[in-house]
Amino acid sequence: MKRRDFLALSSASAAVSLLPMQASALSSAEAEVLVNSVVADINKVISSGKSLNGMISDFEKIFKRYGDVSFIAGSALGPDARRLSGGQQNSYVSAFTGYISRKYGKRFNEFAGGRIEVNGTKQVKNYYEVNSTAFLPGQSPFAVNFLVSNRTGKNLFFDMVIEGISLRLSEKSEIGAMLDKNRGDLNKLISALKTSG
Amino acid sequence: MTLFSRLRQRPVRAFIPMLLVGGLLAGCASNSTVTSAEIYDPREEANREVHELNLAIDKVIFRPVSNGYGTFVPENGRLIVSNFADHLSLPADIVNNVLQGDLKGAGSNSFRLVFNTLFGFGGIVDPSSAVHVPRRKTDFGETFHVWGVNEGAYVELPLLGPSTERDTVGTILDFTLDPVSVLLPNPEKYIGTAANVADRLGDRYDLRTTIDSVLYESADSYAQARSLYLQNRRFELGVEVQDDDLDPFADPFGG
């Protein structure tokens with residue numbers, strides 16, 4: 001399973017390196033392979049029964065491995081991202097990654113006893129939308145969509161949309177508010193992110 | 001039964017206030033075509049004052065009462081209340097399904113109304129879902145959407161929370177034209193409202209972690225609630241959202 005995923009991923013990146021500008025090099029099947037791996041890893045964390053901090057750090061690993069963290073972080077900041085220097089950019093992305101992992105990782109226990117099922121994939125412009133359904137005990141099933149692209153040369157998800165609510169768009173509003181609170185000071189935003197979530 | 005025959009007359013009688021409301025909506029939604037990820041909130045300052053009020057009400061009343069409700073009423077009890085509240089809103093759902101031309105939804109909801117009344121002990125149990133006839137939940141806001149009314153400006157309502165101009169008018173009609181409260185005699189007509197309030201307490205309890213995180217841990221809880229509400233509402237209504245900056249091939253750092 002792991003090995004097949006790896007082969008699929010590496011053949012996809014080989015194809016990408018041949019056709020660097022072609023988004024179509026990523027097929028819907030490959031997008032689904034990625035999401036299936038994410039879901040398998042998430043399900044593993046949910047059922048691991050680990051401590052909260054253990055779950056948060058596992059979630060951070062999943063997020064970094066399968067997520068286009070740089071794109072998610074950058075687009076959450078919006079046009080202000082262009083003001084970041086090279087060094088600031090790295091510390092912002094890593095502070096953002098930690099913030100997201102704490103914020104969402106600490107909610108993992110709510111998923112205990114639940115599962116996510118992948119339903120299918122459709123192409124939207126230059127990316128793929130993988131549709132899945134989350135089944136949580138005592139709740140009506142709800143839609144979870146993963147948006148996948150190969151922008152970086154690797155298949156990565158760059159957004160997760162739950163019942164229409166996009167993680168990226170919601171964080172855009174939140175990060176914008178944090179930046180306002182810090183009077184537009186990007187360094188202060190970075191230190192605020194390190195302690196938030 | 002009489003309930004059904006009177007129900008069938010409902011849309012016709014409901015049509016007159018709806019015409020009045022139509023004029024109202026045409027006025028408030030004229031200058032906006034919000035089909036994008038954009039947020040149109042010209043009365044943000046007033047909305048923020050309502051938000052502060054809502055936060056205070058939640059902190060002092062709604063959250064503690066819902067925690068008490070969730071603690072003292074076991075999960076099965078809350079499920080019964082929730083099923084019953086859903087059941088009582090079926091007549092209103094069916095009216096709206098019909099007004100939207102959604103005959104399939106009207107069919108499912110009518111089936112649920114009959115089936116759950118007969119085999120679900122008057123609606124406190126939901127055997128319809130077990131036979132795969134889920135509820136097609138709807139409201140007057142959705143009917144206006146189907147009729148082509150734009151959502152208008154964002155509004156935060158006292159007690160009820162996030163809404164839009166269109167959905168505010170819809171909510172008023174949901175309250176005033178609900179067949180259950182219109183048709184039932186005096187003390188019984190409030191049963192739907194009571195069940196709804198209890199159901200909302202249960203939702204506040206079940207979703208307490210999420211709601212607390214939005215209301216009390218966000219950098220700007222007003223903006224966060226607005227964003228979440230609009231995204232979710234547009235999704236529910238099937239509005240195609242054009243997100244202009246959703247191009248994963250554009251470098252957000254401007255490289």
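Modeller: The model is predicted, so local features need pLDDT of at least 70 and side-chain atom pairs count only at pLDDT 80 or more, while totals for chains, interfaces and linings use all residues. Residues are numbered from 1 along each chain as its sequence is written, with chains lettered from A and ligands numbered from 1 in the order in which they are written.

Colleague: Why is P179(B) called buried?

Modeller: A residue is buried if 20 or more other C-beta atoms, placed from the backbone, lie within 10 Å of its own; 12 or fewer means exposed, and in between is partly exposed. P179(B) has 21 such neighbours, so P179(B) counts as buried. P179(B) sits in helix α9 (residues 179–183) of chain B. Its C-alpha is 8.5 Å from that of S89(B), 90 residues apart along the chain.

Colleague: What makes a run of residues a helix or a strand?

Modeller: Both are DSSP runs, numbered from the N terminus: H or I over at least four residues for helices, E over at least two for strands. Chain A comes to seven helices and five strands. Their order is α-α-α-α-α-β-β-β-β-β-α-α.

Colleague: How do you know that β1(B) and β2(B) pair?

Modeller: Two strands pair if DSSP finds at least two bridges between them. Here four bridges join β1 (residues 154–157) to β2 (residues 161–164) of chain B, and the strands run antiparallel. Y154(B) has T164(B) as its bridge partner. Three residues lie between the strands of this hairpin, where L159(B) takes a positive phi near 70 degrees.

Colleague: Why is α2(B) called roughly perpendicular to α11(B)?

Modeller: Axes are lines fitted to C-alpha atoms, for helices over the stretch in contact, with angles from 0 to 180 degrees between N-to-C directions. Under 35 degrees is roughly parallel, over 145 roughly antiparallel, 65 to 115 roughly perpendicular, and the rest oblique. The axes of α2 (residues 44–72) and α11 (residues 191–206) of chain B cross at roughly 90 degrees and come within 8 Å. That makes α2(B) roughly perpendicular to α11(B). Among the residues making the contact are F62(B) of α2(B) and L201(B) of α11(B).

Colleague: What makes two residues count as in contact?

Modeller: Their C-beta atoms, placed from the backbone, must lie within 7 Å.
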